[in-house]
Amino acid sequence: MVRVRAGVVPVLFLLVACFSFQQLFASDDTVFYDSFDETFEGRWTVSSKDDYQGLWTHSKSEGHEDYGLLVSEKAKKYAIVKELEKPVSLKDGTVVLQFETRLQNGLECGGAYLKYLRPQEAGWEPKIFDNESPYSIMFGPDKCGLTNKVHFIFKHKNPKTGEYVEHHLTTPPSVPSDKLSHVYTAILKPDNELRILVDGEEKRKANFLSADDFMPPLIPTKTIPDPEDKKPEDWDERAKIPDPNAVKPEDWDEDAPLEIVDEEAEKPEGWLDDEPEEIDDPDATKPEDWDDEEDGEFEAPKIENPKCVTAPGCGEWKRPMKRNPAYKGKWHAPLIDNPNYKGIWKPQEIPNPSYFEADQPDFEPVAAVGIEIWTMQDGILFDNILITKDEKVAETYRETTWKPKFEVEKEKQKDEEDVQGSEGFLSSFQKKVFDLLYTVADIPFLSAHKSKIIDLIEKAEQQPNLTVGIIVSIAVIIFTVFIKLLFGGKKPAIVEKKTTGTADASSSEEKEEEKEKEGTSSENEKETAAAPRRRTVRREN
């Protein structure tokens, strides 16, 4: 009996697991794979056509050491292609198309899809790869305006006409709206089934032969409307017609108005006929710097007449309007069934020359993978492009190359959202505090300190970190004024400045207020001299 040391068993198990994992990735079922760990230069061919000026770069995914193929410039067209070692058939068993994209700066308008190209015998070259290069399948995200879909389009040659027709998957999945890495998978089965996965989750299942799943359907209709058929001139499509025997009633007055004056209405008691709805503001005074010659005659602003607030109304009373019971509008003859009605005309059906029958799509082989897009956003990263014949291989790649990145990005996004949420709550709370403080500043007994309080509030809005300290300062002002009102008798009158430059202020605080007013007045005079005079009406506080 051979004895194996206990510590050797785990090592042997690990070696076997690693070998099995490598064998899976090196499986013959993997037709093509590019992780972009190495630069694309020399391996992929960038289109040299003038339309495609976008710069491709070999760059790391943000926050990872993993490299990908990056769209590095905004508002550009991009085209790049990679030829396969040999064409892969889409008709022999299962085929899985899979790749990752990360919209690092979002996607407002642009594509992030791949094109699986037919062999070059179809009429294209890698160096001049463009939007006209013939493909078998186009698959991946596309978003612009009302378009928001994960495309799946296949081109199929009609055996009767020889024409290649694009067939679009109906109701495709939408594109994830975040900036995380996502993996897109299309699984083509030999029983004509198509499955679209996003991040490993099935989002759409379809059948290539179903008329409901692709537009236009793969199999054309047996008949089509005859393009040569014309509607007869005497064909009547009107189901109803005006009764030719109907006569307008003699009492039908088409000129009667919709509304008339309510003659039964009475003026409400207490209506103030001689009071205007608005009056001059009695508290408004002409500003000291008002110049009648330059500014015109001063007119006090209008305010709502306080007498009209409690009264039913003011000014001339007029009877209201009411609906006219005699109103009937314009007369029309009633509709009756049309005796000559033949229904809605349609051209007759003829055999469809494009019709054919098929048990499965006659896919063209795929000989290259290309990216040909126009996008307004930069930061689109392509990674881990895979073509395989085994669904499990694709699943393994998702679990080992995409999922670890996605989990890290998702956790980081959650942390950022939590921070933004707390900051948003704090900002909302501070706004409510500022609104309350502005209301406090309008309290009449604080009028002498209003400008100082508003200055403090504005400073707090500009520097939110000072909010608490400024609230305390305002509270001190309010408390001081309250104490003065409570124990100091009448509010001392503000002493006017004298021409000699001295003042009769009774306290040092009043002197300080006078200085502040003098400074404000001089600043206003400077601004008035620098700017043209406004014809505005100011109300004294």
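## Working through the contacts

His 156 is buried, with a relative accessible area of 4%. Keep in mind that this is a predicted model. Grab the structure and let's go.

**Exercise 1. Find where His 156 sits, and which backbone nitrogen lies by a polar atom of its side chain.**

Start with the secondary structure: His 156 belongs to strand S10, which covers residues 147–157. Next, check the cover. The cut-off for buried is under 20% relative accessible area, and His 156 has 4%, so this residue counts as buried. Finally, look around the side chain: one of its polar atoms is 2.8 Å from the backbone nitrogen of Asp 362.

**Exercise 2. Work out what the side chain of Asp 130 touches, and whether Asp 130 is buried or exposed.**

Asp 130 is in a loop, the one that runs between strand S8 (114–117) and strand S9 (135–144). Now follow the side chain. There's a polar contact with the side chain of Lys 49 at 2.7 Å. The Asp 130 side chain also reaches the backbone nitrogen of Glu 132, at 3.0 Å.

**Exercise 3. Classify the aromatic pair of Trp 56 and Tyr 78, and say which strands it links.**

Some context: searching the whole structure turns up 16 aromatic pairs. For the pair of Trp 56 and Tyr 78, the ring centres are 5.1 Å apart and the planes make an angle of 75 degrees. Planes over 60 degrees apart count as edge-to-face, and that's the label this pair gets. Then place the partners: Trp 56 is in strand S3 (residues 56–60) and Tyr 78 in strand S5 (residues 76–88). They're 22 residues apart, and the pair links distant parts of the chain. As for cover, Trp 56 and Tyr 78 are both buried.

While you're on rings, colour one aromatic cluster: Phe 99, Phe 139, Phe 152, Phe 154, Tyr 184, Phe 208, Phe 214 and Phe 363. Then hop over to Tyr 164, where the charged end of Arg 118 sits over the ring, 4.0 Å from the ring centre.

**Exercise 4. Trace the salt bridge of Glu 391 and Lys 189 and explain what it ties together.**

The structure has 25 salt bridges. In this one, the side chains of Glu 391 and Lys 189 meet at 2.8 Å, N to O. Glu 391 lies in helix H4 (residues 391–441), while Lys 189 is in the loop between strand S12 (181–188) and strand S13 (193–198), so the bridge ties together parts 202 residues apart in sequence. Now the cover: Glu 391 has a relative accessible area of 26%, so it's partly exposed. Lys 189 is also partly exposed, at 24%.

**Exercise 5. Inspect the backbone at Pro 216, Ala 75 and Asn 384.**

Now go case by case:

- The Met 215 to Pro 216 peptide bond is cis, with omega near -10 degrees. Pro 216 is in the loop between strand S15 (214–215) and strand S16 (223–225).
- Ala 75 has a positive phi of about 50 degrees, though it isn't a glycine. Its place is the loop between strand S4 (67–71) and S5, and it is partly exposed at 42%.
- Asn 384 also has a positive phi, near 50 degrees. This residue is in strand S25 (residues 380–388) and is buried, at 6%.

**Exercise 6. Find which residues make the nonpolar surface patch of about 280 Å².**

Pick out Val 468, Val 472 and Val 476, the residues that make the patch. To place one of them, Val 476 is in helix H6 (residues 467–487).

Note on methods: Residues are numbered from 1 along each chain as its sequence is written. This is a predicted model: local features need pLDDT of at least 70, side-chain atom pairs count only at pLDDT 80 or more; totals for chains, interfaces and linings use all residues. Side-chain values use heavy atoms; hydrogens and water are left out. Patches are made of residues with over 30% relative accessible area and no salt bridge: like charges are joined within 9 Å, nonpolar side chains (Val, Leu, Ile, Met, Phe, Trp, Tyr) within 5 Å. Accessible areas come from the Shrake-Rupley method with a 1.4 Å probe; for residues, only the protein chains shown count as cover. A salt bridge is a side-chain nitrogen of Lys or Arg within 4 Å of a carboxyl oxygen of Asp or Glu. Helices (H or I, at least four residues) and strands (E, at least two) are DSSP runs, numbered from the N terminus. Rings of Phe, Tyr and Trp (its six-membered ring) pair if their centres lie within 6.5 Å; planes under 30 degrees apart count as stacked, over 60 as edge-to-face and the rest as tilted. Buried means under 20% relative accessible area, exposed over 50%, partly exposed in between (1.4 Å probe, protein chains only). A charge sits over a ring if NZ of Lys or CZ of Arg is within 6 Å of the ring centre and within 35 degrees of the ring normal. A polar contact is a pair of N or O atoms within 3.5 Å; within protein, one must be able to donate a hydrogen and the other to accept it, and residues adjacent in sequence count only if both atoms are side-chain atoms.
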